[in-house]
Amino acid sequence: RCYVVTRVGLLSLSLLHRLQVGASEKLTNVIDGESLVNDGSSLVIFLVLQQFVQGYSLSAGEIVVSFVHLALLGAAIGLGFGLVTSFWLACIFNNPCLEIVLTFGAAYACYFVSEELAGASGLLAVVVMGFSMSVLGGRQITD
């Protein structure tokens with residue numbers, strides 16, 4: 001596989017961290033999240049356009065359907081994994097090892113289910129899983 005990665009977000013975050021310009025943590029998180037979504041979207045567009053290189057002829061409708069399938073199904077799977085993982089984390093009390101195993105295992109399972117079983121974007125699924133866990137209950141991980 002070939003991955004397309006943009007460097008703009010990475011450069012911005014690197015400058016914010018190295019120069020210590022006093023940017024808020026919220027701004028850093030927004031730029032980081034935007035970078036992840038851009039990378040996931042670039043990969044989805046790349047996968048759709050790769051079909052042209054492989055010799056498939058797609059109509060405009062088929063391109064839209066393919067893009068929606070890759071992006072929205074991956075996001076939906078990620079949201080589902082994020083909700084379930086957050087619920088499981090809420091049931092664990094002060095067991096950092098189990099929390100780490102659950103979090104990494106869920107991320108891997110989310111990618112596998114999305115990419116291999118559903119044929120959607122695994123990268124976007126994991127990004128949305130992380131976002132949903134952060135918003136809905138990922139703060140329940142032991143410090």
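Residues are numbered from 1 along each chain as its sequence is written. In this predicted model, local features need pLDDT of at least 70 and side-chain atom pairs count only at pLDDT 80 or more, while totals for chains, interfaces and linings use all residues; side-chain values use heavy atoms, with hydrogens and water left out.

**Exercise 1. State which elements the chain has and in what order they run.**

Step 1. Count the DSSP runs (helices are H or I, at least four residues; strands are E, at least two; numbering starts at the N terminus). The chain has 5 helices and 0 strands.

Step 2. Read from the N terminus: α-α-α-α-α.

Step 3. Turn to contacts (heavy atoms within 4.5 Å). Of the contacts with a separation of 6 or more, 64% join residues 24 or more positions apart.

**Exercise 2. Find which element has the lowest mean pLDDT and which the highest.**

Step 1. Start with the whole chain. Its mean pLDDT (the predictor's confidence in each residue, from 0 to 100) is 78, and 70% of residues reach 70 or more.

Step 2. Check residues 1-5. Their pLDDT is below 50, and beyond near neighbours in sequence this stretch has 12 contacts in the model.

**Exercise 3. Describe helix α4: its span, its buried residues and what they pack against.**

Step 1. Take the span. The 22 residues of α4 reach 30 Å from first C-alpha to last. That is close to the expected 32 Å, taken as 1.5 Å times one less than the number of residues.

Step 2. List the buried residues (under 20% relative accessible area, 1.4 Å probe, protein chains only). They are E99, L102, A106, C110, S114 and E115. An α-helix has 3.6 residues a turn, so residues three or four places apart point the same way.

Step 3. Find the partners. The buried residues of α4 pack against α3 and α5 (122-136).

Step 4. Look past the end. G119 follows α4 and has a positive phi, near 70°.

**Exercise 4. Locate the nonpolar patch and say which helix gives the largest share.**

Step 1. Name the members: I45, L49, F52, V64, F67, V68 and L72. Together they have about 610 Å² of accessible area (Shrake-Rupley method, 1.4 Å probe; for residues, only the protein chains shown count as cover).

Step 2. Apply the patch rule. Members have over 30% relative accessible area and no salt bridge, and nonpolar side chains (Val, Leu, Ile, Met, Phe, Trp, Tyr) are joined within 5 Å, like charges within 9 Å. A salt bridge puts a Lys or Arg side-chain nitrogen within 4 Å of an Asp or Glu carboxyl oxygen.

Step 3. Assign helices. α2 (25-53) and α3 (60-91) each supply at least two residues. The largest share, 4 residues, comes from α3.

Methods
Buried means under 20% relative accessible area, exposed over 50%, partly exposed in between (1.4 Å probe, protein chains only).
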